[in-house]
Structures are given as structure tokens and as C-alpha cells.
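The structure comes first, then the points by topic.

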Amino acid sequence: MTDHYDTLETRAPAEREAALMAALPAQIAHAQARSAAFAELLRGVPAPSIGSRAALAQLPVTRKHELLERQKAARAVGGGSVFGGFAAIAPGPRMPRVFASPGTIYEPEGTASDYWRVARAMFAAGFRPGELVHNCFSYHFVPAGSMMETGAHALGCTVFAGGTGQTEQQVQAMAELRPAGYAGTPSFLKIIVDKAAEMGVALPSVSKALVSGEAFPPSLRDWLAARGIAGYQCYATADLGLIAYETTAREGLVLDEGVIVEIVRPGTGDPVPEGEVGELVVTTLNPDYPLIRFGTGDLSAVLPGTCPSGRTNTRIKGWMGRADQTTKIRGMFVHPGQVADVVRRFPEVLKARLVVSGEMANDRMTLKVEAASLPQGLAQKIGEAIRDVTKLRADVEPVAPGSLPNDGKVIEDARSYE
């Protein structure tokens, strides 16, 4: 039995990068031609020239709130695309389902086999053709249930559509159908296992799980393992499908083969050095919903080296928080992008972090800046730039290079609310 879903997972990194960069210009051109939103956002961009990460990094980042704004605007005028012009397909035979995520943001599902590309993650979690998967992700509104179901079908598995809630019935179905494993949130799996113990019902067939949708701490992973269930997590979104997945090595998450992932400084589109925490920005090669440089709003960082499982794609540390650190200070909103605007004006500054301190109604802003040297008068000029950009005063505090935490934070709210 093979240890990998396909040969794409074990390609030489240079071969993979060449294939992704070769596919990128065609996807840019496709998005410009078939997606009204990207026809506007990428107007004037010569698609054939976007064949490297450096070129990709020059394109604008589209974040979820912008997608929502475009969808709302389309709904307001009526007759427009409910997808805000981002979808390259329309309702009909090529779009069998539409889903809704909180916001409300609508997402299309196309007809491609394993549309959300989840089969790869299921295989890594130990699922194999011919097995029964007990799927406890929601089948209503959000695409999570369909994500797992279509992935399981592509893998050759049968699915029980358990959905959410009705814990006793879930236990009964598991006991009678004897599925090989579970798909759903980790917390609901714990609830089911606890309920089964309370009912005196054994669930010996459930030996594996692919979980997502929330944190999967090592304590819960070990708790499940002690009960004979090997749980693995994957990172996916309703907009992009699978982004990364865990393997038996349990060293970070391996990137999916169908996406191009960048990690950028929050509030900007600027890639950070490898290992530094930043926002995950994803370009998908999905022709039906061709999202180009889509900002997930999630923080992560690249892990060095390759996975001991033999998969050669880049690994990330997993979810490390949210990138949107917008903070209200003295009645004004300050965004990470504004901090980035200040830093760009001063090449001497290597990295910066805006710390907001004090008690309520007595806010103080301090911009801590890493710099090898700070020429006389530069701190004052930086302070003036902060006021120019944010309309607020701030102190400027030089710190040694490398002393600011590597946690992706551009704005730290250290105020006391007691």
C-alpha cells in the first residue's frame, strides 16, 4: 500500500515550483477573462509576465472583507452576480451547489471531482478506498459537509451524512454502521465518545479522524489516541478549499498541491522572510473560483525542511491567530496597513510593532522599531509620519534587531480594561 496519495506529493521541490509558476500566468489570464472582479482588480496586468513569486507579490491582495463588500454591492443593485464577480461559472449544470458562510458570503461549488481537494488530507489521515466515513460536518449553509463528502467519494469511500447534533443518534449509527473513521470538529468527536461511554456503547471500528474547523490541541489529540482514535487535522476554508494538512509525522501541516501560498506582513502584500509569522495569502488554481492572492486573515509561518513522511511540499506551523489587528485608539481606528505605510518611508527600519498601553481613556501609543542604527532626528521624523498617517501621536522606541517577538503582531493592544 502506498504511503502517498499520488506522485505529486513527492516531487522535487524545484519541479513543483516550476509547475506552479508555469500554471500561474494561465490562471491570471483566466481570472481576468472569466471573473468580472479580477478583470477590474488586475486591469492592465500582463498575465504572461506573472510567472514568478516576485511578480505575483506585486499584485494586490484581496481580503475577505473586500469580497463581502463586492457581494453586497452586487446584491444591492440586483441582477448582478451574488458572488461579487469572483466566480468564473454561473448557476446551472456547472454549479450544482451554492453555500453561505457567515457574513453572508456565498461560495459556489463546481462539478470537478474532489472540488475542494480534501481527498489528499483524508488519505494522509489514514482513510482508504472502500471504508465508511462518518461525516459530522454541517450539510446546511456552509460547505464543510460537502468538502469532506466529495473528498471521501474521490478517495473511494462511502459516507454516512451524520451532520451536527443528535449525539445519541450519532453514537447509535456509529455502533451499527461501524465506520472506519470520523470527519468533523474535534470537540464534537469528544462529545460523541463521551456520550458513547455514558451509554455503555463500544465504538471499536472508529480508529481514525480528520478534524478541522477549530483548534486541535495536543491534549485532545492524546485523549483521542488513548481511546484508539488517531486524529489528524487539516486547514481549509470555504473560499479556497484545502490549504494544508497534517501527516503521520505530526510536524506542522503540508501545503496542498493545488494552491500557491505566500506569507505576508499583516496589512500588506509584502512576503516576510521564511520562518517569520505573517498572514497566509493563497492563490488557487481552481478554474471555477479563481481567487488570486486571497488574504485568509490567518497567521502562520513556514517550517524549514521537508516532512519526514516523504512529502516534499512546504510545511507551515498551522493556525497561529488572526492577522486583522485593527485597534481603536482615542476614538480612531488604526490598521496594520497604516503601520506598514510608516515603515516603508524609512529604509533604516527593519521591523516595527505598535504597542498600545495605558488604561481606558488614557491610551498611549509606542512604535517600537528594530534598526541597526537610528540616525539623529530619525525618531522625530518617524513620529511625525505616524501622526500624518494615523492622525494620532506616538512615541518612538528604538530596539535591537531581532528583539521584537516573531508572532505576526504589528499592533499589540496591551491596555488594561479592569
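Helix H6 (residues 144-155) lies across S4, S5, strand S6 (181-184), strand S7 (208-211), strand S8 (230-237) and strand S9 (241-246). The angle between H6 and S4 is about 175°. The model is predicted.

**Helix on the sheet**
- Helix H7 (residues 167-177) lies across S4, S5 and S6.
- H7 runs at about 180° to S4.

**Sheet**
- The sheet is open and has 9 strands, ordered S5-S4-S6-S7-S8-S9-S10-S15-S14, with mixed pairing.
- Strand S5 (158-161) and strand S14 (302-303) are at the edges; each has a single partner strand, so one side of each has no neighbour in the sheet.
- S5 pairs with strand S4 (residues 132-135) in the parallel sense, over 4 bridges.
- Leucine 132 has threonine 158, in S5, as its bridge partner.

**Annotated region**
- UniProt, in an unreviewed entry, lists residues 127-283 as "domain: AMP-dependent synthetase/ligase".
- Over residues 127-283, the chain is 29% helix and 29% strand.
- The end C-alpha atoms of residues 127-283 are 27 Å apart.

**Nonpolar cores**
- The largest nonpolar core holds 69 residues.
- Those with the most contacts inside this core are Ile28, Ile50, Leu59, Met122, Leu210, Leu291 and Ile316.
- Neighbours within four places in sequence aside, isoleucine 316 is in contact with residues including Tyr235, Ala244, Leu253, Ile263, Leu280 and Val302.
- Another core, of 22 residues, lies apart from the largest one and has Val339, Phe346, Ala352 and Ala385 among its members.

Terms used. Residues numbered from 1 in each chain as written. Predicted model: local features only at pLDDT ≥ 70, side-chain atom pairs only at ≥ 80, totals over all residues. Heavy atoms only, no water. UniProt positions renumbered as here; feature names shortened; annotations may be inferred. Helix = DSSP H or I, 4+ residues; strand = E, 2+ residues; numbered from the N terminus. Core = buried A, V, L, I, M, F, W, Y, C linked by side-chain atoms within 4.5 Å. Buried < 20%, exposed > 50% of the residue type's maximum accessible area, 1.4 Å probe, protein only. Contact = heavy atoms within 4.5 Å. Pairing = 2+ DSSP bridges. Axes fitted to C-alpha atoms, helices over the stretch in contact; angles between N-to-C directions.
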